[in-house]
There are 2 protein chains.
Amino acid sequence: MKVLVAGGAGFIGSNLIDALLQEGHRVVCIDNYFIGKTSNLVHLKNNLDFTLYEQDICNLDALSDIFEKENFDFVFHLAANSDIQASAANPLVEYKNTYTTTFNLLECMRRHEVKKLFFASTSAVYGEKNGINLSEETTPLSPISYYGAAKLGSEALISAFSYMNHLSSLVFRFPNVIGPRLTHGVIFDFINKLKNNPGELVILGNGEQTKPYMHVSDLINGILSFKGKISEGVSLYNIGVESQTNVKRIADIVCDGMGLSPVHYSFTGGIGGWRGDVPLFAYNLDKIHNAGWYASMSSDEAVMRTVREVLDCKP
Amino acid sequence: MKVLVAGGAGFIGSNLIDALLQEGHRVVCIDNYFIGKTSNLVHLKNNLDFTLYEQDICNLDALSDIFEKENFDFVFHLAANSDIQASAANPLVEYKNTYTTTFNLLECMRRHEVKKLFFASTSAVYGEKNGINLSEETTPLSPISYYGAAKLGSEALISAFSYMNHLSSLVFRFPNVIGPRLTHGVIFDFINKLKNNPGELVILGNGEQTKPYMHVSDLINGILSFKGKISEGVSLYNIGVESQTNVKRIADIVCDGMGLSPVHYSFTGGIGGWRGDVPLFAYNLDKIHNAGWYASMSSDEAVMRTVREVLDCKP
């Protein structure tokens, strides 16, 4: 089939494009390079099944022209700001790059009668729910970051557009996703800090922030497994791993991977890394497990593999 | 205090302005007259405590200038598209008039350090939940209209902005609200249809759509009672009446009020009036009742009073 990957030059989008091409689909990518990088797609330059548009999805008319021309069977929507810390200082980034991209893609699907959607949502829609096992249908949604708010707003749009236009939509709420082509987040930060100063590492918060980390290859596997099975309406799942890794353990794995020892850790203190950070969370994964899907790597294994991949990558 | 009523020229906004002035506050209204009417505010022309800006809230720079100049203590946000049927054909209306107005008001509150907010949300955030007693914390939110989606997206923004900027926000999910200055909806439609053709009434759906109708004076009473009691974070309540009125009963009350008999009813059929209409719903009002607040009128009483008010109003 012919698919659109919106935000395909980003970390997760570019990994998804590789997998979709591998499966034999024709792939069109739209990206504005706000976070995405040309280097993530350079290896596809001569691939005849791949088409690339440099276009801001916030421009509805331009987007509609692409839909008119390309006639998609499936839209994979991964276009968003993904740097929560950056948008904390400027919420407009989320209004444009996370919410408006969703609205415009759905509006183009409506106008051009594209019926299938995958949407990359996030654990951040739940907000701070310390100690609660977050489940899709029963946990109240109260985001504490502008990013989480724009993603929840996007889920709301998908609910209404799916109903009104008979779409089949697959929504995954992602945990922290890591792997090759990572552009930010704690592993990326630690490696950069230690490259600059191998003897000392400043850790935001108290180092006890504990989250599940999922390797991007497991996430892509999940998307590909479910994409053919969805029916009319919204199919929504938490996707992730049962296990978790705390920030201090990540620091140890990074130092180990870089062969650094001893490294002195200092902590900025407080329970969250920054305002809008969710220091501790646990997903309820019963729904996706009951549908027959499990991640292949634990959180620690995903962190270890990612550290190796990021260190092996030529800049 | 000095308050902003955004969307103050509308049906509910203008009733709220009257009540706030009555309480002795200075009131600034911003409206673009998309749905609001100059006639709703004409009686305030010479009121020195009242200031009116004709301005589209979607223009962030212009809005920010007003915030800079006026220095508000409290923002009452009632600026939205309120005609679900109209936006079903053009979702952009909700993107602009319902969601973007919320984002821009919150962004101005953030920039200008206004800490108190009232937001008019809606039962439409729940979506179609036949037979389920809709409660604030445990009912999944899956809007089926673009209007409901934009309102849920707005609630998500309020959650994040309140957390990030220490706002105290009061959110009421409204049922159908009726009363003087009503501009659309079933009562308004029936009266207009019967004025054109007093012998026959075409009713959308099967006439069994059953909803709670609340009189605007009860709603305003609720807003005024809670506005002084809110603390940091989001206080969210369903507001409404326990009783309900079905569409056929509304037709009977309207015909009776207009002194028409016999009127022949015909039905377009189907369980909802139009796609995106929620044919049947019941609110759980325990939370607001436990906080000590009850509506003074039943749903039928609200319908009867509104029919009289609309008929008595000079065009």
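**Secondary structure of chain A.** I counted 10 helices and 15 strands in chain A. Both are DSSP runs numbered from the N terminus: helices are H or I with at least four residues, strands are E with at least two. This is a predicted model, where local features need pLDDT of at least 70 and side-chain atom pairs count only at pLDDT 80 or more, while totals for chains, interfaces and linings use all residues. Residues are numbered from 1 along each chain as its sequence is written, and chains are lettered from A and ligands numbered from 1 in the order in which they are written.

**Overall form.** I checked the radius of gyration (over C-alpha atoms; the globule rule is 2.2 Å times the number of residues to the power 0.38). A compact globule of 315 residues would come out near 20 Å, and chain A agrees with 19 Å. The C-alpha atoms of chain A fill a box of roughly 60 × 45 × 40 Å along the principal axes. I also looked up burial: 49% of the 315 residues of chain A are buried, meaning that 20 or more other C-beta atoms, placed from the backbone, lie within 10 Å of the residue's own.

**The sheet in chain A.** I traced an open sheet of 7 strands with parallel pairing, in the order β3-β2-β1-β4-β5-β7-β12. Two strands pair if DSSP finds at least two bridges between them. At the edges I found β3 (50-54) and β12 (233-238) of chain A, each pairing on one side only. I then followed β1 (residues 2-6) of chain A, which runs parallel to β4 (residues 74-77) of chain A with 4 bridges. A6(A) has H77(A) as its bridge partner there.

I saw α5(A) lying across β5 (116-122), β7 (168-174) and β12 of chain A, at about 155° to β5(A). Axes are lines fitted to C-alpha atoms, for helices over the stretch in contact, and angles run from 0 to 180 degrees between N-to-C directions.

**Where the chains meet.** I found 29 residues of chain A in contact with 29 residues of chain B; contact means C-beta atoms, placed from the backbone, within 7 Å. On the chain A side, α4 (92-112) and α5 (146-165) are the elements giving two or more residues. α5(A) gives the most, 11 residues. That side has 18 nonpolar, 8 polar and 3 charged residues. Here Ala, Val, Leu, Ile, Met, Phe, Trp, Tyr, Cys and Pro are nonpolar, Asp, Glu, Lys and Arg charged, and the others, Gly among them, polar.

Terms used: Two residues are in contact if their C-beta atoms, placed from the backbone, lie within 7 Å. A residue is buried if 20 or more other C-beta atoms lie within 10 Å of its own, exposed if 12 or fewer, and partly exposed in between; C-beta atoms are placed from the backbone.
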